[in-house]
Amino acid sequence: MSYFQSIKVGFARDHFRFTYAALITIVFLVIEFIGASHHEFWRDEMQAWLIARDTQNLAALFEQTHYEGHPPLWILLLRPLTFVTHRPEVMQVLTGVFACVTVFIFAYYSPFSRLIKALIIFNYYFLFEYGIVCRNYLIGILALSAACVFFSSTRNRLWPFIFALIIAAFASIHSLIVAVAMAAAFGAKWFLDRRRDKRADAAFFPVFPWSVFVIGVRSEERRV
């Protein structure tokens with residue numbers, strides 16, 4: 001195969017992968033919109049919204065989040081929205097945006113088969129518990145999926161990778177644990193790249209962070 005033929009094949013493969021990711025994201029968005037329009041807010045959803053809306057200042061907000069059992073990132077993201085509207089439905093819009101970005105990243109970049117991707121994306125927990133129910137878990141999943149993308153190219157994207165892990169650490173306890181695992185994996189990659197043939201690690205490390213990511217999703221599911 002010539003150089004130009006390989007470029008053409010690679011472009012066609014990327015175009016098909018992009019089309020698949022876009023289509024599955026659109027289908028996810030439609031199902032999520034229908035589900036969200038019939039969803040009544042649960043107590044823990046409204047509790048985060050009320051803390052963001054009713055606390056007088058950031059100091060009081062941080063003090064209140066000490067009793068929530070999770071880092072305060074989700075409530076901090078809700079805080080500006082409470083100045084725009086008092087309708088909690090805006091949480092569903094924010095969750096929908098995060099969910100669609102996460103689905104597209106996972107469908108486009110993850111190394112799994114199209115069937116596995118669809119099964120993960122449209123399972124009960126990812127579609128309902130994270131896509132429709134407005135909680136802090138989805139931010140961690142989004143940040144971890146971004147970290148998986150940056151993981152294989154940390155030489156050129158080290159700071160985006162670190163930033164994604166920091167966001168994950170401030171999203172939930174479970175994403176914090178997974179972020180620590182991914183940071184340890186990056187340290188192992190950095191060490192092995194200097195002591196072994198880099199080609200020996202090429203098949204392992206692109207898949208490893210996504211495997212940790214899926215394990216992290218499962219751990220979040222057990223928490224729900």
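Which elements do the buried residues of α4 pack against? Keep that one in mind while I walk you through this structure. Just so everyone knows, we're looking at a predicted model.

The protein chain has a mean pLDDT of 81, and 79% of its residues reach 70 or more. Among the elements, helix α5, residues 90-109, comes out highest with a mean of 94, while helix α11, residues 198-201, is lowest with 49. There are two stretches to be careful with. Residues 1-11 have pLDDT below 50, and that stretch has 2 contacts in the model beyond near neighbours in sequence. Residues 200-204 are also below 50, with 4 contacts of that kind.

Okay, back to my opening question. The buried residues of α4 pack against α2, α3 (58-65), α5, α8 and α9 (158-169). And who are those buried residues? They're Leu73, Trp74, Ile75, Leu78, Arg79, Leu81 and Thr82.

Now zoom in on Trp74. If we leave out its neighbours within four places in sequence, Trp74 is in contact with Ala48, Met91, Leu94, Thr95, Phe98, Cys134, Arg135, Asn136 and Ile139.

Trp74 also shows up in the largest nonpolar core. That core has 36 residues, and the ones touching the most other members are Phe28, Trp74, Leu78, Phe98 and Ile121. Several elements give two or more residues to this core: α1 (3-37), α2 (43-54), α4 (73-84), α5, α6 (114-121), α7 (124-130) and α8 (137-151). The top contributor is α5, with 9 residues. There's a second, separate core too, made of 14 residues, including Phe151, Leu165, Ala179 and Met182. As a general point, nonpolar side chains in soluble globular proteins tend to be buried together.

But take a look at the surface. Leu23, Ile26, Val30, Phe33 and Ile34 make a nonpolar patch of about 520 Å². Let's pick out Phe33, which sits in helix α1. Is Phe33 buried or exposed? Its relative accessibility is 62%, so Phe33 counts as exposed.

Last topic: salt bridges. How many does the structure hold? The count is 5. The general idea is that side chains of opposite charge can pair when their charged atoms come close.

Here's one in helix α1. Asp14 and Arg17 pair up through their side chains, at 3.3 Å from N to O. They're 3 residues apart in that helix, which is about one turn. Asp14 counts as partly exposed because its relative accessibility is 35%, and Arg17, at 30%, is partly exposed as well.

Next, Arg53 and Asp54 form a salt bridge, with their closest N and O atoms 2.8 Å apart. Arg53 has 31% relative accessibility, so it counts as partly exposed. Asp54 is at 47%, so that residue counts as partly exposed too.

And then there's Glu129 with Arg135, whose side chains meet at 2.9 Å, N to O. What about their setting: buried or exposed? Both of them are buried. Salt bridges with shared partners also link Asp44, Glu129 and Arg135 into one network. You've already met Arg135, by the way: it's one of the contacts of Trp74.

Definitions and conventions:
Residues numbered from 1 in each chain as written. Predicted model: local features only at pLDDT ≥ 70, side-chain atom pairs only at ≥ 80, totals over all residues. Heavy atoms only, no water. pLDDT = per-residue confidence, 0-100. Helix = DSSP H or I, 4+ residues; strand = E, 2+ residues; numbered from the N terminus. Contact = heavy atoms within 4.5 Å. Core = buried A, V, L, I, M, F, W, Y, C linked by side-chain atoms within 4.5 Å. Buried < 20%, exposed > 50% of the residue type's maximum accessible area, 1.4 Å probe, protein only. Patch = residues over 30% accessible without salt bridge, like charges linked within 9 Å, V, L, I, M, F, W, Y side chains within 5 Å. Areas by Shrake-Rupley, 256 points an atom, 1.4 Å probe, with all protein chains shown as cover. Salt bridge = Lys/Arg side-chain N within 4 Å of Asp/Glu carboxyl O.
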